[in-house]
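Visitor: I would like to learn how to read helix packing and strand pairing in a model. Where do we begin?

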Amino acid sequence: MLFVDNTQTDPRLNLAIEEFILRNLHFDIPVLFFYLNEPSIIIGRNQNALEEIDSDFVQANNIHVVRRLSGGGAVFHDLGNLNFSFVTQAGPDNFHNFARFTQPVIRVLRQLGLEAELREQSSIFANGKKISGNAQYATGGRMFSHGTLLFDSNLETMLKALNPRQVKIESRAVQSVRNFVTNIRDLLPQEMTIHELRQALLCGIFETEDAAAIPTYTLSEQDWTTIRQISHQRYANWDWNIGHSPPFNVQKSERLSVGKVDARISVQSGKIQQIKFYGDFSSQQELSELESHLVGVRYNREEIAAALQPISLTPYFGPLTPGEFLEFIY
């Protein structure tokens with residue numbers, strides 16, 4: 001096994017490194033890669049990004065939203081969440097075999113005093129609570145199996161970031177989450193930092209007490225050039241992260257200052273494909289003019305606000321402010 005060292009915390013770069021290892025480092029032995037991400041939501045390959053997150057909370061708290069290559073559900077990352085990835089040859093003994101890749105991690109966690117075990121095919125539980133979710137991706141005869149390890153993650157922020165905006169977060173909701181998932185730090189019999197956990201896992205997986213003896217690959221400047229290209233083309237790209245979402249429909253209905261307004265919105269590739277307004281408000285101009293103006297606009301707050309900037313909403317709805325309209329439509 002070979003270890004790839006890494007100190008990046010930008011999820012767009014870390015996922016690009018993982019993809020680079022998968023596609024470009026063709027070693028005959030497995031490769032191990034650890035990474036920590038700044039606050040971010042990492043969504044599954046086939047998920048609808050806009051239905052998985054609270055966009056307002058995510059934007060207000062500068063949380064990255066990045067789509068990964070593997071399937072599965074959305075997960076929240078922060079600097080209290082240690083991520084591991086095994087990159088190896090794909091095959092019947094490896095792909096869909098989560099036990100093969102989680103067993104070395106579970107072994108180390110048990111050595112640290114946790115009652116860790118694999119459950120539900122791809123989740124690691126410790127002391128009866130979930131601490132890790134795992135997913136896999138294969139292409140060109142190669143694959144990776146990666147997972148999270150909740151060490152000291154902010155579970156309240158996680159809940160708010162992944163929660164639909166319509167649902168109010170209360171203390172009992174946070175407590176409910178804590179009853180199902182937990183941080184490893186709360187279970188350890190001794191004090192430990194996330195970096196010490198990383199070191200314990202590294203030495204434990206390689207079965208050595210001497211970290212300096214672990215075979216390590218250092219990314220070259222040429223490697224980094226390719227990694228930055230991958231990040232730019234995929235993980236820092238709105239079309240991949242948001243536009244890749246499957247088509248979906250949005251229905252909004254509220255009583256605003258001008259009366260009841262109902263909006264039916266069809267979104268495809270992250271952009272408004274069709275939008276219709278209904279309600280008991282009074283309009284002086286055909287709503288179809290406004291509707292046509294919004295077709296093709298990305299369904300996010302900034303893009304809609306920019307599209308509305310040269311337009312007065314008063315002829316369409318009465319004295320409705322752009323701020324009130326944005327709060328309603330998004």
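**Helix packing and strand pairing**

Guide: Helix H11 (residues 301-308) packs against helix H13 (residues 322-329) at an angle of about 140°, the axes being 11 Å apart. That makes H11 oblique to H13, where angles under 35 degrees count as roughly parallel, over 145 as roughly antiparallel, 65 to 115 as roughly perpendicular and the rest as oblique. Axes are lines fitted to C-alpha atoms, for helices over the stretch in contact, and angles run from 0 to 180 degrees between N-to-C directions. Helices (H or I, at least four residues) and strands (E, at least two) are DSSP runs, numbered from the N terminus.

This is a predicted model, in which local features need pLDDT of at least 70 and side-chain atom pairs count only at pLDDT 80 or more, while totals for chains, interfaces and linings use all residues. Residues are numbered from 1 along each chain as its sequence is written, and side-chain values use heavy atoms, with hydrogens and water left out.

Visitor: Which residues make the contact of H11 with H13?

Guide: Contact means heavy atoms within 4.5 Å. H11 contributes Arg301, Ile304, Ala305 and Leu308, and H13 contributes Phe325, Leu326, Glu327 and Ile329. Six of the contact residues are nonpolar, none polar and two charged; Ala, Val, Leu, Ile, Met, Phe, Trp, Tyr, Cys and Pro count as nonpolar, Asp, Glu, Lys and Arg as charged, and the others, Gly among them, as polar.

Visitor: What does H13 lie across?

Guide: H13 lies across E12, E13 and E14, at about 135° to E12. Those three strands form an open antiparallel sheet in the order E12-E13-E14. Its edge strands, E12 (248-256) and E14 (271-279), each pair on one side only. Two strands pair if DSSP finds at least two bridges between them. Nine bridges join E12 to E13 (residues 259-268) in the antiparallel sense, and Arg255 has Lys260 in E13 as its bridge partner.

Visitor: Which way do the residues of strand E3 point?

Guide: In a regular strand the side chains alternate between the two faces of the sheet. In E3 (residues 40-43), Ser40 and Ile42 point one way, Ile41 and Ile43 the other, and all are buried, meaning under 20% relative accessible area, with exposed over 50% and partly exposed in between (1.4 Å probe, protein chains only).

Visitor: How many bridges join E3 to strand E4?

Guide: Four, and E3 and E4 (residues 64-67) run parallel; Ser40 stands opposite His64 in E4. With strand E5 (residues 75-77), E3 runs antiparallel over three bridges, and Ile41 stands opposite Phe76 in E5.
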